[in-house]
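Colleague: Could you walk me through reading a few features of this model? I would like the general idea each time, then the case at hand.

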Amino acid sequence: MVLSVDEVTLEFAGLRALSGVSFAVEQGSLTALVGPNGAGKTSLLNCMGGFYTPTRGRVTFEGAAISELPPHRVAAAGVARIFQFVELFRHMTVLDNILLGRHRHMRAGVLAGSLFWGVSRREETRERRRAEEVIEFLELERSRKEPVASLPFGVQKLVGVGRALAMEPRLLLLDEPSTGMNREEKENLARFLLRIKHELGTTMLWIEHDMELVGDLAERVVVLDFGQKIAEGPPDTVLRDPRVAEAYLGRAWDAQKGAPS
């Protein structure tokens, strides 16, 4: 397993956000993490990304514990995060935002960078080439020189995906990337998630509220409610679980039709 969550408990001044959560994510898979608002999904991603330290339990990535590492060291280990809200430099271009994702691969020192010669010049050329490859992969060529603030919301979300991909992660954590998107934009996002999985082989753990997307894309689903795991398994099984319907959907879900019944 590329990612293991073992008995993770998280408490804040007596408030328990997570209680003994355990599951594993297989190499190259797309696993969905679902549950109602306040279930603890983002808190769990924060434990994986170094923003929170679990009160008990641990998170391991490729066999190494990462739950006590700071965010920059988690990123250096090969874990990238896409946040629910667009966390981009809005005055900067698409290309420049994606180039920021290459930062951890840059090695030139301050002096070489300021003079822009030798190693620094070669490094800049190499990293720009990699950023352009990400832009091509996400079909953002027409927007590459546009300021992010001038772009439609769905395109801005893709730029956020691009910045994370530019890090060349082996594990991608996605926190509700489809929030605020219309149906067409969600379908476009789904297409790229499948390309990331099949063409890049990147392992993904994906928080999502759109159960139609989850049913169509995820290979495995983990369900949280009040900080506890209440179900885990294939989408067609989990989304029919009465506990999931009661906790999250409020009524039975037809996994074959992708709609409430």
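Colleague: Is arginine 102 buried or exposed?

Modeller: First, a caution: this is a predicted model, where local features need pLDDT of at least 70, side-chain atom pairs count only at pLDDT 80 or more, and totals for chains, interfaces and linings use all residues. Residues are numbered from 1 along each chain as its sequence is written, and side-chain values use heavy atoms, leaving out hydrogens and water. Buried means under 20% relative accessible area, exposed over 50%, and partly exposed in between (1.4 Å probe, protein chains only). Arginine 102 is buried because its relative accessibility is 4%.

Colleague: Which residue forms a salt bridge with arginine 102?

Modeller: A salt bridge needs a side-chain nitrogen of Lys or Arg within 4 Å of a carboxyl oxygen of Asp or Glu. Here the partner is glutamate 127, with the closest N and O atoms 2.5 Å apart. The pair links distant parts of the chain, 25 residues apart: arginine 102 sits in the loop between helices H3 (94-100) and H4 (110-115), glutamate 127 in helix H5 (residues 119-137). Helices (H or I, at least four residues) and strands (E, at least two) are DSSP runs, numbered from the N terminus. Glutamate 127 is buried too, at 1% relative accessible area. Through shared partners, salt bridges join Arg102, Arg126, Glu127, Arg130, Glu133 and Glu168 into one network.

Colleague: In what order do the strands of the open sheet come?

Modeller: Strands pair if DSSP finds at least two bridges between them. Six strands follow the order S6-S7-S8-S3-S9-S10, with mixed pairing. The edges are S6 (79-82) and S10 (228-233).
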